[in-house]
Amino acid sequence: MSWKFDEKSPIYAQIAQHIKKQIVRQEIKSGDQLPTVRELAEEAGVNPNTMQRAFAELEREGMVHSRRTSGRFVTDDSDLIAQKRREVAEAELHSFVDNMLDIGFQISEILLVLESYVKERN
């Protein structure tokens, strides 16, 4: 089954973000080996070159590293994972606030809506 992508950003960046979220949610744990480029490309329904580019982005960020002839593995650096978790959260908040402002909410109203939502979730 293919993954769903939007038109707003490059597919490789969306794939990298998806894998990064899996890492910060600990669905993929520190030290875990990632599937091969071909396996993940087939699962996502993308060209292997696109998946390779996503992996290269994750390597550039330090989220994964290659072991010669063994594949790619998630970093063991818990501080880096915590930092990336905060970055993902800030990006989500930024998007949420921008969307709320775009539909006419004021900051004070956004805070009320968010507070109400959090109370309902508990």
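A residue counts as buried when its relative accessible area is under 20%. The structure is a predicted model.

**Exercise 1.** Determine which secondary-structure elements the protein has and in what order they run.

*Solution.* Step 1: the count gives five helices and two strands. Step 2: read from the N terminus, the order of the elements is α-α-α-β-β-α-α.

**Exercise 2.** Characterise the overall dimensions of the protein and the burial of its residues.

*Solution.* Step 1: the radius of gyration of the protein is 17 Å, whereas a compact globule of 122 residues would have one near 14 Å. Step 2: along the principal axes, the C-alpha atoms fill a box of roughly 55 × 30 × 25 Å. Step 3: of the 122 residues, 28% are buried. Step 4: among contacts with a separation of 6 or more, 49% join residues 24 or more positions apart.

**Exercise 3.** Describe how helix 4 packs against helix 5, giving the crossing geometry and the residues that meet.

*Solution.* Step 1: two packed helices are described by the angle between their axes and the distance between the axes. Step 4: the crossing of helix 4 past helix 5 is right-handed. Step 5: helix 4 contributes Phe 96, Val 97, Met 100 and Leu 101, which meet Ile 107, Ile 110 and Val 113 of helix 5. Step 6: sorted by class, this contact comprises seven nonpolar residues, with no polar and no charged ones.

Notes. Residues numbered from 1 in each chain as written. Predicted model: local features only at pLDDT ≥ 70, side-chain atom pairs only at ≥ 80, totals over all residues. Heavy atoms only, no water. Axes fitted to C-alpha atoms, helices over the stretch in contact; angles between N-to-C directions. Helix = DSSP H or I, 4+ residues; strand = E, 2+ residues; numbered from the N terminus. Left-handed = near helix turned anticlockwise from the far one by under 90°. Contact = heavy atoms within 4.5 Å. Nonpolar A, V, L, I, M, F, W, Y, C, P; charged D, E, K, R; others polar. Rg over C-alpha atoms; globule rule 2.2 N^0.38 Å. Buried < 20%, exposed > 50% of the residue type's maximum accessible area, 1.4 Å probe, protein only.
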